[in-house]
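Subject: Structure for you to look at, with notes

Dear colleague,

I am handing over the structure we spoke of, and my notes on what was found in it follow just below. Please read them with the model open beside you.

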Amino acid sequence: MAIPPDPIEEILPAAQGAVMAEVTRVLREDAQKAGFVDPKVTSAPTVAARQVVELKVSSVLFGEWKEGAMVQAVKPAGAYALRPGNKGPFLLTRVGEAVEILGAYGPDTYREPEIRQAASKLGKK
């Protein structure tokens, strides 16, 4: 059984922005660590390597980013990998000079209306 994603209300407070965007390029990808392999199980969780990707912003739900901007963002090691053409909402925050993608799952985890509603409740514009 799949583990459900964290509720948007738990992730969104850390977000400094949310954008609708498409991955245009994977700029860097850390070496992939071997996943857990056990011959008694039919599937095993693995962790996808950390990536640095380029996002083309198509619209801004809230935050400082601009429509049409190209944003370099770090996707931390986690349950998914990004590839060119992946698109959807991305929750972003700044960590020092870097922009980081928040959430343990891909850009299709939360839908645009859900993000807008939660952002409105938190006063994020």
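A residue counts here as buried when its relative accessible area is under 20%, as exposed when that area is over 50%, and as partly exposed in between. Arginine 94, at 36% relative accessibility, is therefore partly exposed. Please keep in mind throughout that this is a predicted model.

As to the overall layout, the protein chain has two helices and five strands, and these follow one another along the sequence in the pattern α-β-β-β-β-β-α. Of its 125 residues, 34% count as buried, and the accessible surface comes to about 7,700 Å², of which 53% belongs to carbon and sulfur atoms.

Turning to the charged pairs, the count comes to five salt bridges, and I describe some of them here. Arginine 94 pairs with glutamate 64, with 2.7 Å between the closest N and O atoms. Because arginine 94 lies in strand β4 and glutamate 64 in the loop between β2 and β3, this pair ties together parts that are 30 residues apart in sequence. Glutamate 64 is, with a relative accessible area of 43%, partly exposed.

Another salt bridge joins arginine 25 to glutamate 54, the closest N and O atoms being 3.1 Å apart. Here arginine 25 belongs to strand β1 (residues 17-29) and glutamate 54 to strand β2, so that the pair ties together parts 29 residues apart in sequence. The two partners fall into separate classes of accessibility, since arginine 25 is partly exposed at 43%, whereas glutamate 54 is buried at 14%.

A further salt bridge, between arginine 116 and glutamate 112, has its closest N and O atoms 3.0 Å apart. Both residues lie in helix α2 (residues 112-122), where they are four residues apart, or about one turn of the helix. Arginine 116 is partly exposed, at 40% relative accessibility, and glutamate 112 is also partly exposed, at 27%.

I would also draw your attention to glutamine 51, which is found in strand β2 (residues 51-62) and is buried, with a relative accessible area of 0%. A polar atom of its side chain lies 2.8 Å from the backbone nitrogen of leucine 82. Not counting residues up to four places away in sequence, glutamine 51 touches a number of residues, including Val26, Arg28, Glu29, Ala73 and Lys75.

Glycine 78 sits in the loop between β3 (70-75) and β4 (87-95), and with a relative accessible area of 15% glycine 78 is buried. Leaving aside its neighbours within four places in sequence, glycine 78 is in contact with Thr46, Val47 and Ala48. The C-alpha atoms of glycine 78 and glutamine 51 are 9.9 Å apart, while 27 residues separate the two along the chain.

Finally, on the aromatic side, a search of the whole structure finds zero aromatic pairs. Lysine 75, however, lies over the face of tyrosine 80, at 5.2 Å from the ring centre.

Note on methods: Residues are numbered from 1 along each chain as its sequence is written. This is a predicted model: local features need pLDDT of at least 70, side-chain atom pairs count only at pLDDT 80 or more; totals for chains, interfaces and linings use all residues. Side-chain values use heavy atoms; hydrogens and water are left out. Buried means under 20% relative accessible area, exposed over 50%, partly exposed in between (1.4 Å probe, protein chains only). Contact means heavy atoms within 4.5 Å. A polar contact is a pair of N or O atoms within 3.5 Å; within protein, one must be able to donate a hydrogen and the other to accept it, and residues adjacent in sequence count only if both atoms are side-chain atoms. A salt bridge is a side-chain nitrogen of Lys or Arg within 4 Å of a carboxyl oxygen of Asp or Glu. Rings of Phe, Tyr and Trp (its six-membered ring) pair if their centres lie within 6.5 Å; planes under 30 degrees apart count as stacked, over 60 as edge-to-face and the rest as tilted. A charge sits over a ring if NZ of Lys or CZ of Arg is within 6 Å of the ring centre and within 35 degrees of the ring normal. Accessible areas come from the Shrake-Rupley method with a 1.4 Å probe; for residues, only the protein chains shown count as cover.
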